[in-house]
Amino acid sequence: MQPMRRRHRGFPLLCLSAALLVAAALLPGTAVAEGVTPSEARRLRDEVKDMFYHAFDGYMKYAFPLDELRPLSCQGEDSLGGYALTLIDSLDTLALLGDKEKFGAAVEWVGKNVRFDINKTVSVFETNIRILGGLLSAHLIASDYATGMRVQSYDDQLLHLAADLAQRLLPAFDTPTGIPFGSVNLKYGVDENESKITSTAGGGTLTLEFGILSRLTNNTVFERVTKNSVRGIWSRRSKLNLVGAHINVFTGEWTQKDAGIGTSIDSFYEYLLKAYLLFGDEEYLYIFQEAYKAAMHYLYHDPWYVEVNMNSGATVWPLFNSLQAFWPGLQVLAGDVDPAIRTHAAFFSVWKKYGFTPEGFNLATSTVQNGQRSYPLRPELIESTYWLFKATRDYRYIDIGRDILTSLQYGARCPCGYCHISDVETHKQDDHMESFFLAETVKYLWLLFDLAAGPDNIVENGPYKYIFSTEGHLLPVTPEIALVDEHCSYFGAFCNGGADHGYSTSASSTHQKANYTQFNDIQASSSLYSVSNMFTTRGYLKGVCPGLTHAQKLGMSYSDEESNVIEQTSESHEHHSESAVESRVEAQSSNIILISHPVASQHDEVLESKSGSGDHADIAVTADSDSMSHDNAGGSLGANTEEPTEDTTPTSKQTDEEIAPNFQSKEDIR
């Protein structure tokens with residue numbers, strides 16, 4: 001659980017701009033990295049492979065079948081549910097490394113021995129991303145000859161386990177808002193004393209795994225409940241299109257109104273974009289575009305990100321927390337590469353300063369935040385490094401990967417695995433190794449060097465393209481996942497397509513034929529996802545309904561609509577609709593999915609960093625027509641020295657009343 005963060009009314013915003021200038025001084029130079037030969041890249045890749053097996057074999061020898069390894073004392077511990085968590089989380093990494101023998105043996109053992117009919121209360125978020133995601137990814141690899149990792153004795157055991165597990169998580173979604181409880185007992189459902197407060201990431205990071213399960217089992221309930229959860233969160237966004245960190249799942253009231261891209265919120269953004277990329281559902285793309293615009297307007301102070309009050313946009317917390325490091329990688333997927341490069345350089349400067357990234361780095365003082373001094377082997381910075389190298393093929397990112405590998409080898413390696421770093425300044429080791437070290441940290445590092453060496457793995461050269469879950473699990477964009485249960489859509493009105501993929505007659509008669517635009521403007525090269533084929537056959541229709549906002553057409557207006565939605569002219573509505581219709585996936589030679597989005601549109605916003613003054617970090621942004629007009633001082637650093645109003649008063653990050661003890665999950669501490 002994150003420690004309480006003390007803040008004082010009237011934070012001196014004027015000095016924050018100067019503080020960001022000091023923090024910017026940490027940035028490394030822009031010299032081109034030394035060339036890395038393919039042979040050196042192979043050596044680095046093999047070193048990462050050895051790193052994986054040192055930790056994996058240590059787990060199997062000293063901890064299995066307990067959940068996680070204690071790498072200093074060479075013991076095991078149950079940390080989630082007591083069902084070999086690290087093994088399940090590592091399955092697709094074994095497959096990625098081409099270890100058919102150990103992958104097959106692990107799949108067989110899990111299928112025979114793991115059961116979820118147990119009296120254990122577990123985190124819905126953690127269980128979904130680590131266990132459900134691990135089972136589904138391994139199932140899709142083990143059951144498919146095309147992957148080269150088909151397990152001969154496999155008969156869908158992992159899929160049956162995944163369906164059983166998801167069924168046991170469903171009671172958590174039985175809330176008035178549709179946003180799930182944070183925890184659920186796998187045998188008895190939600191405890192009557194369970195906290196009604198959950199995080200935004202906890203409610204918004206379920207769509208990929210549950211959506212895939214619906215497609216594989218032909219049971220739509222899993223996808224429906226997770227989409228309802230996303231809608232429940234988004235409908236309660238502020239007028240600035242920002243979401244807070246914690247929310248009451250019964251009342252829909254925000255109990256923590258700090259908006260950011262890190263702790264408690266991060267993967268909400270991530271799964272919006274990735275759900276669109278995996279399923280082609282434009283509702284997720286629209287929400288992502290609106291949420292991303294707001295984040296870049298109110299949170300971004302080039303190259304850093306801060307936390308603001310979701311209602312006013314006033315800065316309340318000038319902190320880089322380590323979970324923010326996933327953001328440049330997400331920006332690469334969204335096609336916004338330039339700010340990703342600058343932000344990644346800023347984040348890596350913190351790693352260079354300490355050898356690791358602390359959980360919190362105070363931008364106002366350029367020091368490690370008290371109480372957030374640890375580095376628990378997090379993957380996010382390495383993940384973004386991989387995506388930026390894939391997008392740019394700039395070998396400076398291989399140098400960065402080499403630096404990260406060196407830090408892990410010399411600072412975190414311990415007798416039976418790799419240890420958490422309890423203090424990034426002293427490099428003191430802690431006797432713990434999270435399962436995500438093998439599921440993500442090592443995986444992204446290996447993929448980075450393998451890409452430089454000349455890739456030879458199922459992600460780069462396999463039969464499918466993959467979306468990575470927030471736990472780094474490989475989710476293939478197969479026709480079964482992308483196209484099953486086809487429907488046609490005109491801004492929220494859905495109809496079952498049926499075997500002939502036809503459109504609903506009643507839906508088609510609602511508007512004149514001229515008002516529809518077929519979703520076939522997606523272009524892709526043969527080297528990228530088969531998005532061209534995938535989406536042009538989905539049967540999406542665009543209906544233009546004058547007088548309605550895009551949000552209203554999608555059924556995603558505010559829960560307090562009369563007081564929150566700003567009136568717009570029909571002309572501006574049509575502009576937004578047409579802009580959304582024109583959003584497309586572009587193929588790039590670097591094999592990256594790129595999506596044009598409103599931030600890059602000159603009609604919507606122009607992001608420009610002011611230079612040559614103390615206000616260099618401010619962002620000049622044209623207010624979105626769907627948002628309330630926002631005073632520039634409220635959303636920029638160094639421009640407001642007044643005491644915050646009641647609405648902008650910084651709130652304590654966590655209080656005993658708001659956060660129950662069960663918030664030990666990754667969305668809070670990772």
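Which residues in α10 meet which residues in α11?

Solution. The model is predicted; local features need pLDDT of at least 70, side-chain atom pairs count only at pLDDT 80 or more, and totals for chains, interfaces and linings use all residues. Residues are numbered from 1 along each chain as its sequence is written, and side-chain values use heavy atoms, without hydrogens and water.

Step 1. Find the two helices: α10 covers residues 266–279 and α11 covers residues 282–298. Helices (H or I, at least four residues) and strands (E, at least two) are DSSP runs, numbered from the N terminus.

Step 2. The helices pack at an angle of about 145 degrees, and their axes are 8 Å apart. Axes are lines fitted to C-alpha atoms, for helices over the stretch in contact, and angles run from 0 to 180 degrees between N-to-C directions.

Step 3. List the contacts (heavy atoms within 4.5 Å). From α10 come Tyr269, Leu272, Leu273, Ala275 and Tyr276, and they meet Glu282, Tyr284, Leu285, Ile287, Phe288, Ala291 and Ala295 of α11.

Step 4. Sort them by class: eleven are nonpolar, none is polar and one is charged. Here Ala, Val, Leu, Ile, Met, Phe, Trp, Tyr, Cys and Pro count as nonpolar, Asp, Glu, Lys and Arg as charged, and the others, Gly among them, as polar.

**Exercise 1.** State how many residues of α3 and of α12 are buried, and what follows each helix.

Solution. Step 1. Helix α3 (residues 85–96) is mostly covered, with twelve of its twelve residues buried. They include Leu85, Asp89, Asp92 and Leu96.

Step 1. Just after α3 comes glycine 98, with a positive phi of about 75 degrees.

Step 2. In α12, eight of its eight residues are buried, among them Trp327, Gln331 and Ala334. Glycine 335 follows α12 and has a positive phi, near 90 degrees.

Step 3. Helix α3 also packs on helix α5 (residues 124–142), at an angle of about 35 degrees and with axes 8 Å apart. Leu85, Ile88, Asp89, Leu91, Asp92 and Ala95 of α3 make this contact with Arg130, Ile131, Gly134, Leu135, Ser137, Ala138 and Ile141 of α5. The classes in the contact of α3 with α5 are eight nonpolar, two polar and three charged residues.

**Exercise 2.** Is serine 322 buried or exposed, and how far is glycine 462 from alanine 146?

Solution. Step 1. Serine 322 sits in the loop between β13 (319–321) and α12 (327–334). Its relative accessibility is 4%, so serine 322 counts as buried.

Step 1. Apart from neighbours within four places in sequence, serine 322 is in contact with Thr357, Pro358, Glu359, Arg378 and Glu380.

Step 2. Glycine 462 lies in the loop between α17 (458–461) and β20 (466–468). With a relative accessible area of 26%, glycine 462 is partly exposed.

Step 3. Glycine 462 and alanine 146 are 316 residues apart in sequence, yet 7.9 Å apart from C-alpha to C-alpha.

**Exercise 3.** Summarise the protein chain as a whole.

Solution. Step 1. The chain has 25 helices and 25 strands.

Step 1. Of its 670 residues, 63% are buried.

Step 2. Take the contacts between residues at least 6 apart in sequence: 72% of these join residues at least 24 apart.

Terms used:
Buried means under 20% relative accessible area, exposed over 50%, partly exposed in between (1.4 Å probe, protein chains only).
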